[in-house]
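I went residue by residue and then helix by helix.

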Amino acid sequence: MEVVAFIIELLKITLPALIVAAAMYYIVKKHYERDYKLRLLDLRKKNSDTVLPIRLQAYERVVLLLERITPSNMLLRVGAAGLSAAEYHRVLLAEIRNEFNHNMSQQVYMTEQAWQQVKHAREEVANLINKTYRELPENAKGTDLAKKILETILASETDPTARAISYVKQEIGQVF
């Protein structure tokens with residue numbers, strides 16, 4: 001009986017202490033979890049303040065890339081005067097390749113779908129130039145190639161980069 005009485009007395013003393021300790025543990029744990037979440041939120045905000053302008057700049061650069069390889073714009077910028085169709089063909093493809101390579105790192109800041117649209121547009125423009133070049137006679141001039149490319153675009157009523165530009169703009173709208 002003495003042992004039972006001793007245990008009862010011990011429980012009267014330790015049980016409230018255990019309850020207080022458990023409550024303190026719970027309160028401290030919740031405090032640290034809240035503090036961790038606040039620090040994480042602050043870190044994300046600081047990261048967003050840094051990354052968001054870089055992302056916006058990447059989207060701008062990619063739209064500029066697409067505008068620069070849009071056939072009508074590129075043909076105005078890269079003159080065909082004095083070049084054969086074969087030479088102009090090589091110049092146009094090199095221009096597309098250089099523009100793309102110069103902006104390739106921008107894919108890091110874009111979704112995979114947007115970057116795929118950019119790559120697809122680049123391929124469509126190159127395919128259009130290649131296909132049009134193959135349709136010309138062997139002794140054609142660069143101006144003949146430029147004219148035929150513009151005629152092909154007008155006939156099809158589609159700009160090979162328009163869909164990608166639209167997609168990138170739409171994605172920018174979702175970010176902001």
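**Entry 1: Ile54.** I looked up Ile54, which is partly exposed because its relative accessible area is 32%; buried means under 20% relative accessible area, exposed over 50%, and partly exposed in between, with a 1.4 Å probe and protein chains only. Ile54 is found in helix 1. I noted that helices (H or I, at least four residues) and strands (E, at least two) are DSSP runs, numbered from the N terminus. I also checked Ile54 against Gln106: they are 52 residues apart along the chain, and their C-alpha atoms are separated by 9.4 Å.

**Entry 2: ground rules.** I reminded myself that this is a predicted model, in which local features need pLDDT of at least 70 and side-chain atom pairs count only at pLDDT 80 or more, while totals for chains, interfaces and linings use all residues. Residues are numbered from 1 along each chain as its sequence is written, and side-chain values use heavy atoms, with hydrogens and water left out.

**Entry 3: Ile19.** Next I picked Ile19, which also has its place in helix 1. Is Ile19 buried or exposed? Ile19 counts as exposed, because its relative accessibility is 53%. From Ile19 to Arg61 I found 42 residues in sequence and 62 Å in space, C-alpha to C-alpha.

**Entry 4: the core.** Which residues have the most contacts inside the largest nonpolar core? They are Leu66, Leu92, Val118 and Val168, and the core has 35 residues. Such a core is a set of buried Ala, Val, Leu, Ile, Met, Phe, Trp, Tyr and Cys residues joined through side-chain atoms within 4.5 Å. The elements that give two or more residues to this core are helix 1 (2-69), helix 2 (71-77), helix 3 (85-103), helix 4 (112-135), helix 5 and helix 6. Helix 4 gives the most, with eight residues.

I then followed Val118. Leaving aside neighbours within four places in sequence, Val118 is in contact (heavy atoms within 4.5 Å) with Val62, Leu65, Leu66, Phe100, Met110, Ala164 and Val168.

**Entry 5: helix 4.** The buried residues here are Ala114, Trp115, Val118, Ala121, Val125, Ala126, Leu128, Ile129 and Thr132.

Why does Thr132 count as buried? Thr132 does so because its relative accessibility is 1%. Apart from neighbours within four places in sequence, Thr132 is in contact with Leu145, Lys148, Ile149 and Thr152.

**Entry 6: helix 5.** The 15 residues of helix 5 should span 21 Å, and its end C-alpha atoms are 21 Å apart, which agrees. Gly142, Leu145, Ala146, Ile149 and Ile153 are its buried residues. Seen down the axis, they fall within an arc of 100°, so they line one face of helix 5; the arc is that of the directions from the helix axis to the C-beta atoms. On the other side of helix 5 I found Lys147, Leu154 and Ala155 exposed. What covers the buried residues of helix 5 includes helix 2, helix 3 and helix 4.

**Entry 7: Glu157.** I stopped at Glu157, in the loop between helix 5 (142-156) and helix 6 (162-175). Glu157 has a positive phi of about 55° although it is not a glycine. Glu157 counts as exposed because its relative accessibility is 71%.

**Entry 8: helix 6.** The 14 residues of helix 6 should span 20 Å, and its end C-alpha atoms are 20 Å apart, which agrees. Its buried residues are Ala164, Ile165, Val168, Glu171 and Ile172. They fall within an arc of 125° seen down the axis, so they line one face of helix 6. The face turned away from that buried side carries the exposed residues Lys169 and Gln174.

**Entry 9: helix 3.** My last stop was Glu99 in helix 3. Glu99 counts as buried because its relative accessibility is 11%. Not counting residues up to four places away in sequence, Glu99 touches Leu65, Arg68, Ile69 and Arg77.

Notes:
The expected span of a helix is 1.5 Å times one less than its number of residues.
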